[in-house]
Amino acid sequence: MLPHSFDSRNESLVQLSRRDFFTASNAVPGILGTGASWFLGACGQVQRTSSTTAHATSDSLELHAINRLAYGPRPGDVEHIKQMGFHAYVEEQLNPQDQDTAILEDKLKTIKLHIEYEAGDDYPGLSEDRPLINLNKPLSELWKLVDPKKKMDWSERIRPAEEVRIATWLRAVYSNWQLREVLTEFWHNHFNVNAFVDERIAATWPLYDREIIRRNCFGNFRQFLEDVAKSTAMQYYLDNATSRASPANENYARELFELHTLGAEHYFNHFYNRWRNVPGALEGKPIGYIDQDIYEASRAFTGWTINDGTDSGRGEVFPDTGQFRYFEGWHDNYQKRILGIEFDPNQPPMMDGHKVLDLVAFHPGTAKHIASKLCRRFVCDNPPVNLIDTVSQVWITNQNAPDQIKQAVKAILLSDEFACSTAQKVKRPFELVASFLRATSADFTPNQNLIDSLAQMGYRQFDYPAPTGHPDTAEHWLGTNVMLWRWNVILRMFQEWFGVAVFNLEQQIPARLRTSREITTFWIKRLVGRSISRETFNTLVEFLAHGKGLDVSPGGTIDDVKQRLHDLVALICMTPEFQLR
Amino acid sequence: MNWTRREVLLGLGATLCTAIFSKSLTIKVFAQQRTAKKGDILVVIFLRGGCDGLNLLAPVDDKNYIEARGTYTRITDKGNNKGLPLRNALYAGEFRIHAKAAGLKELYDSKVLAVVHACGLKNGTRSHFEAQSLIERGVSEKSTSSVHSGWITRHLHGLKLDGALPAVALGASAPESLLSDVNAISISDVNGFILETYSNYGPIQQAALRKFYSEDSTLMQAGLNTLNALDYVDSKIAKAADGTPLPYKSQSNARYPINTTYDLASSLQMVAQLIKMDVGVQV
């Protein structure tokens with residue numbers, strides 16, 4: 001028999017009629033519907049329904065909110081949002097504070113991450129479990145890890161980036177400010193940097209995460225863009241730190257236009273390769289960019305570099321601090337033309353670069369590009385055009401406001417399209433695991449095993465190889481290898497060697513629930529929160545019952561039942577329903 | 001006979017359903033055993049960096065080439081950038097390959113390497129991602145939305161496919177060249193391509209997945225494809241007496257230079273392993 005202790009935080013098991021609980025056999029077309037080979041109908045075609053008239057298969061607005069603004073519900077979250085109201089919840093999440101949950105603060109202080117390496121020529125080997133000590137260090141401390149004169153193993157130099165990974169996982173699972181975590185992940189992908197290609201990036205990663213991404217994630221985009229441009233991470237990742245006049249290094253300028261602002265959809269070089277021919281260019285409002293704009297923009301950013309002890313070749317040897325600085329001696333100061341706008345020669349320091357950032361930040365194409373990406377993150381893979389347009393307008397209206405991004409996100413969250421997009425996104429690996437840990441109330445200890453397992457699924461946290469960042473459409477996350485690892489990661493969570501989670505499943509079940517049917521229903525509601533297919537439900541109940549009747553207690557010894565309970569929870573998280581949010 | 005997704009499902013589903021509650025859970029493979037077609041196998045390696053083709057292989061005495069290029073980026077027949085000559089019957093003048101590509105010259109001279117020069121995009125995009133996408137979708141003009149399938153996908157439609165795993169991609173996810181191919185399998189590690197159940201109830205868990213992924217939608221299909229691929233690879237892989245997969249050993253004792261930084265060698269070793277497993281890989 002299962003133990004009788006009762007967790008008072010548990011929501012009571014609502015008596016669902018069987019009709020409520022299963023999808024109808026001819027369900028509204030959607031991801032799980034029959035006959036739909038593209039599993040998203042155009043999201044804009046779904047009719048808006050108020051929550052009282054919603055069909056039995058759609059998530060409540062509260063469940064939907066916690067699946068999109070957050071990494072899925074913990075026990076009690078849905079009720080909490082119902083009580084405070086959806087609008088109040090949105091406001092709360094749009095305005096995060098620094099104070100966070102006690103468990104998060106405690107885990108950040110006490111968690112240990114293993115580090116191990118063999119002795120080198122000038123240093124001893126070691127193997128130890130070390131707490132997170134680099135997260136709040138200033139640049140002057142972190143930059144010491146880069147010094148080639150200080151002999152140390154590569155693992156020590158990149159350790160700060162590894163600590164940020166662990167902290168990010170803990171925040172995703174335990175922070176109250178979930179929307180901030182979701183947006184932080186979004187912007188890390190948008191301004192993707194592979195932290196592990198260069199020790200100067202990895203060693204200073206806490207700064208990129210804290211001062212650049214997190215500080216700006218709800219803020220003003222023009223400011224964000226400049227902070228990224230001057231960041232040690234981006235300067236090295238896209239080689240602007242070594243870009244000098246003639247010929248300048250193109251890499252940063254290209255990604256600035258193609259990924260960070262206007263987007264490849266506004267790249268028109270195949271149609272026009274002279275600036276005059278781009279529609280709108282002669283009026284100073286070109287509809288997009290061509291290669292000539294990239295070349296000129298590269299010239300504008302010459303001299304934007306990092307103080308890393310380089311001999312400038314112009315008399316000055318840079319100090320070695322890791323700080324951003326501008327060096328006039330490397331700047332191409334002659335006249336330029338970018339996006340149809342003339343730049344006079346010999347401008348004051350950094351003015352060329354500032355002007356480029358202004359042009360791209362305030363271009364309507366940028367509003368569209370970023371609005372599309374935000375809608376894709378929060379609503380569905382193919383967001384409706386009218387929503388993108390609305391959000392672009394909000395973006396442009398607020399382009400000088402300190403809370404521009406917050407306003408744009410708010411417009412999305414309060415839209416009808418958001419409300420009717422329930423269960424339309426496929427969870428990416430990070431979301432899958434975070435939602436699993438939250439819903440099971442697991443005691444979570446992120447470690448390298450977890451990072452490696454997610455890498456198997458194609459999720460490379462802070463070491464995604466291309467500047468594009470992780471894709472955000474379902475087709476990239478449903479290949480056979482990814483599917484297999486969705487299941488394997490869940491299965492590994494229950495194994496001791498993995499060392500990532502400790503569960504307390506039996507104690508969470510209300511004492512009055514005894515039968516296989518009742519217990520299975522409880523866990524489905526806890527983990528998935530929405531109705532599932534009849535066949536899946538029956539298979540799950542039968543699994544727990546293991547030969548005994550469905551309306552009596554599960555059969556077997558206490559250990560058997562305990563094992564099957566854990567295996568049941570794993571199975572529920574391997575269902576197609578659990579892959580959706 | 002045309003290969004359809006339904007044929008995959010029908011061929012496998014029937015046999016497996018009976019195994020769910022049976023005691024001996026060696027999953028029996030398909031009632032209709034498909035023999036792999038013997039024939040040419042296409043292995044595609046897409047090198048995703050940048051390469052200056054005319055500084056790799058070029059007609060060194062061509063007047064236009066000499067004029068267009070400075071000596072730094074031009075292969076010559078003498079001096080610092082002297083290339084290695086490649087004999088050819090098509091062109092009266094001299095084609096030379098970069099001096100550091102001696103290995104490729106060796107393959108060429110042994111008649112196992114051919115080079116198709118100057119074939120590529122007409123569109124002069126300098127966007128790395130756009131160029132890759134165009135090449136992988138096999139389109140020469142920018143038309144991002146209209147062609148939504150990979151070139152290999154379309155190539156496979158024209159072939160007669162007999163094996164259950166006609167197209168395999170090594171790596172975490174399938175590349176764009178296989179876009180929209182519902183039968184394509186991506187595997188990151190052949191010997192590790194198993195469902196990692198660990199308790200006594202593992203086989204029942206695995207069987208239950210088939211009940212979950214049984215309707216007709218992209219997500220369902222993805223799960224079903226994976227289950228089928230798992231069973232199939234399991235049935236074909238060489239195993240030790242205790243059932244664990246054996247590490248791959250090449251017949252000619254070729255040693256692959258496996259290296260944790262670059263996984264080309266381990267991917268190619270897995271390709272060899274899959275081909276020898278006779279699972280019908282054609283691409």
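**Close-up views of a two-chain predicted model**

**Figure 1. Surroundings of R325(A) in a predicted model.** The side chains of R325(A) and N307(A) are joined by a polar contact of 2.9 Å; a polar contact is a pair of N or O atoms within 3.5 Å, where within protein one must be able to donate a hydrogen and the other to accept it, and residues adjacent in sequence count only if both atoms are side-chain atoms. A second polar contact, of 3.0 Å, links the side chains of R325(A) and E316(A). R325(A) belongs to strand β4 (residues 320-326) of chain A; helices (H or I, at least four residues) and strands (E, at least two) are DSSP runs, numbered from the N terminus. With a relative accessible area of 16%, R325(A) is buried (buried means under 20% relative accessible area, exposed over 50%, partly exposed in between, with a 1.4 Å probe and protein chains only). Leaving aside neighbours within four places in sequence, the residues in contact with R325(A) include G303(A), W304(A), T305(A), I306(A) and P319(A), contact meaning heavy atoms within 4.5 Å.

This is a predicted model, in which local features need pLDDT of at least 70 and side-chain atom pairs count only at pLDDT 80 or more, while totals for chains, interfaces and linings use all residues. Residues are numbered from 1 along each chain as its sequence is written, chains are lettered from A and ligands numbered from 1 in the order in which they are written, and side-chain values use heavy atoms, with hydrogens and water left out.

**Figure 2. Arginine over aromatic rings in chain A.** R325(A) lies over the face of F318(A), at 4.5 Å from the ring centre. At another site, the charged end of R200(A) sits over the ring of Y236(A), 3.7 Å from its centre. A charge sits over a ring if NZ of Lys or CZ of Arg is within 6 Å of the ring centre and within 35 degrees of the ring normal.

**Figure 3. The aromatic pair W169(A) and F430(A).** Over all chains, a search of the whole structure finds 35 aromatic pairs. W169(A) and F430(A) form a tilted one, 4.1 Å centre to centre with 40° between the planes. W169(A) lies in helix α7 (residues 154-174) and F430(A) in helix α20 (residues 429-439), both of chain A, so the pair ties together parts that are 261 residues apart in sequence. Rings of Phe, Tyr and Trp (its six-membered ring) pair if their centres lie within 6.5 Å; planes under 30 degrees apart count as stacked, over 60 as edge-to-face and the rest as tilted. W169(A) is buried, at a relative accessible area of 1%, and F430(A) is buried too, at 2%.

**Figure 4. The aromatic cluster around this pair.** One aromatic cluster is formed by Y71(A), W169(A), F430(A), F444(A), Y459(A) and W477(A).

**Figure 5. Helix α18 of chain A.** Helix α18 (residues 404-413) is mostly covered, with seven of its 10 residues buried. These are Q404(A), I405(A), K406(A), A408(A), V409(A), I412(A) and L413(A).

Figure 6. Chain A has 26 helices and eight strands, and buried residues make up 60% of its 581 residues. The C-alpha trace of chain A spans about 85 × 60 × 40 Å along its principal axes. Chain B has eight helices and five strands, in the order α-β-α-β-β-α-α-α-β-β-α-α-α along the sequence. Of the 283 residues in chain B, 39% are buried.
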